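Please look over the protein shown here, starting with its surface and its overall make-up, and then turning to particular places along the chain.

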Amino acid sequence: MDATQQWHVMGADAVAGQLRVDPEQGLRPSEVERRRREHGVNAIATRRRSGWPRLIWNQFRDFMILVLIAAAIVSGVIGEPQDTIAILVIVVLNAVVGIVQEYRAERALETLNSLVVPTTRVRRAGRSLTVPTIDLVPGDVVLLGAGGAVSADIRLVEAEELAADESALTGESEPVAKQAAALADADLPLGDRRNLIFNGSLITRGRAVGIVYATGVRTELGQIAELLLGMPLSRTPLQQRLARFGRRLALIVLGICLVIFVLGLLRNEPVMLMFLTAVSLAVAAIPEALPAVVTVALALGARKMGKANALMRRLPAVETLGSVTYICADKTGTLTENHMRVDFVEVEQAGRREIGADAGQANRLFEMALALSNDVVVDRDDDATGDPTEMALYEFAKASGYDKSELLCNYARLREVPFHSEIKRMTTVHDSPDGALAFVKGAPEAVIPLCTDANDAVLERGAQMAHEGFRVLAIAGKHLHAPEEDIESGFTLYGLAALVDPPRAGVRQAVDECRSAGIAPVMITGDHPGTALAIAKRVGIADDSDDVLTGAELAAMTEAEFADRVADTRVYARVDPAQKIHIVEALQAHGEFVAMTGDGVNDAPALKRANIGVAMGKKGTDAAREAADMVLLDDNFTTIVSAVREGRRIFDNILKFIRYTMTSNAGEIFTMLLAPFLGLPIPLLPIHILWINLVTDGLPGLALAAEPAEKDIMRRAPRPPEQRIFSGSMLQRILWIGLLIGGLSIAGQAWAYHGGSDNWQTVVFTVLTLSQLVNVLALRSERESLFGRHFLGNRPLLAAIALTLVLQFIVIYWPPLQAIFNTAPLTAAELAFCLLLSSAVLVVAEFEKFLRRRGDQAD
């Protein structure tokens, strides 16, 4: 098909003829397949996964890596070639680790993008179908409706009150009215071609039928996407902060390496050796991989959330979930089951009874009325469908032993008066062995006046039940002498039924968890204030001291008045979607970090305005999902709380990795810097430094991402979104732990060197490696003792430590590697001394945690 065709000037019949399709029938499956082969899948150009050559080049383009390689080659030419080969092998192994990290990050992001498959309603072979959007082809007849996303360029052939948000393509913020009639001007700009609707648009109102004329890269949006492929990938705020910190740190590290280089020369060390040592230390100590590691942690964490029904559409949202201070949630379907049921009934002469309880013969007519006086349809497979309220009555009766299908055999419906909003009741007349029988159900104020035995006390009881949050129906009946007899009076009241959309399982516990985590849960609903407050109390959002703020009251308030109330209001009722934005902005003006749920087209602006927009995956519209940062695949409030907990865990583990990397690097720097000042020789060779960087910064550090959540993770206040990563306390801990590791390593060197051992360099090499492995164990928890924590809770970390130990001992004790690494086998006493020194890191770290826990208890 010619995407450059002037589709907007052609009439609907001409468009259908050009695209060879009957709009009433749509394409046949065989024709769809043929066009898919011809035009390809309906997908816009995306950034291709990095090929192996680029992944490899990314590992070697760093300036310091290139300097190290060049220096190693020069050293090999003028000195020992085996040292050069060993250094190059370790550099290559480091590159392999980097390649694996980048590959895992890309794969994780691809997996996130594939978790939800968008769909489109089409007409094919005379039938309406829902198909994956990627399967659309030119000529497909598409059915559009409010809330839907447009996934191809389409010429409208029918349109009823249609409007679309085309801001993704044109930048126009207001929805654009659409039409089906042909336009005269062939040179109209895209935004004025009102009978075309473009890929990336969202339907805000109305409905339409259209024919696809361009898919994939041939759409207007697809052509723009191709231009964007050359632009660099955007980074999350955390990655940007780490990159800036890394650049500043690099300057400091280079300065220290220069000092070490000069100190070596003053001690008459070989120039090339000191140059290699300084460059190796710079390569090891500069944390250039931190942003990449953060990507891996965020992407893998987001994938885990997706498996737990919280689909993260934007990666930065993962790192900011831990900052949420308010969760504003819809009532229906999010806090509640979105499934009406009868909570209990109060039957005349029998009192209150819940579902499944024995009805007794005296209440047989009440149960029959529930089963028969409704329009629920039961198919051959005993599957029932109908109005939610009537379904609740039907299910209650069936659970009590009154099956509608069986009853209809003897109690066929003869006539009815359907429910109407003006009369607020429904009446049905049935045949029976004892003559005609009439049942009526409806609002108490509509049914009770028809009854001869009811009184004001019954009305008061109905009002009390309604105030408690129940939807109340009165049920009555009477025997008729003839089916045509008057059914406007003379009824006998059978009882009252209390219906409710019950809270979801686990919501009460999730709300309690929110409160302990410093997060304020808020209910926002369009429902009745009484119902809203009753449900809010049942799930723990409100208590007896809380009031409901209605949409009408909110509209009557001034900005200042609402600003005074918003922080203390927990329940909003009869609120329209536009007022959600007002609530979000008022909370944000108080410095709050707001998560907002929504499902409709009109909720999209509020979801965009919220710090974390949360759309419903089941009942939500495409418009809401497009505007959201997170999609709940199960529409459940507890999933939001679980996502916040997981977001906090991910961020905690990222900080642990940063702290571990920085303390380890600080330990290496202090070891190399301070030893010469204490009259000791340069402690490590370049190959030692690179080896330690490979085996300790690699697998053990990455395995911290799998660390389970801290026990108190949902008992802390939310993290301020702009909180500095490298706060004063964190920098202090990095320095003192780094100094401790460096001091222990130098102590090991001094003990062996002054003791006359030829193994002194292997001793300091081993102490530094083991100290870093002990350090990673100590950093598993901020406050909790390693011995009080589930030790096997992070098996990947334990496996990484075990592998590192095995590799370290092979380097020390296997003769072929001894020659390459310039190591010597340690005696049992020397190895025990190395283990004893390195374990001091854990002892000191545990003592610090003990003091911190005692300080928390004192507070």
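The protein chain exposes about 37400 Å², of which carbon and sulfur atoms supply 57%; accessible areas come from the Shrake-Rupley method with a 1.4 Å probe, and for residues only the protein chains shown count as cover. This is a predicted model, in which local features need pLDDT of at least 70 and side-chain atom pairs count only at pLDDT 80 or more, while totals for chains, interfaces and linings use all residues. Residues are numbered from 1 along each chain as its sequence is written, and side-chain values use heavy atoms, with hydrogens and water left out.

Of the 859 residues of the protein chain, 54% count as buried, where buried means under 20% relative accessible area, exposed over 50%, and partly exposed in between (1.4 Å probe, protein chains only). The chain has 32 helices and 24 strands, which are DSSP runs numbered from the N terminus (helices H or I, at least four residues; strands E, at least two).

| Helix | Residues |
|---|---|
| H22 | 577–589 |
| H30 | 795–813 |
| H31 | 815–821 |

Trp 814 lies in the loop between H30 and H31, and this residue counts as partly exposed because its relative accessibility is 47%.

Helix H22 has 13 residues and reaches 19 Å from its first C-alpha to its last, close to the 18 Å expected, a span defined as 1.5 Å times one less than the number of residues. Among the buried residues of H22 are His 582, Ile 583 and Leu 587, and the helix is followed by Gly 591, whose phi is positive, near 85°.
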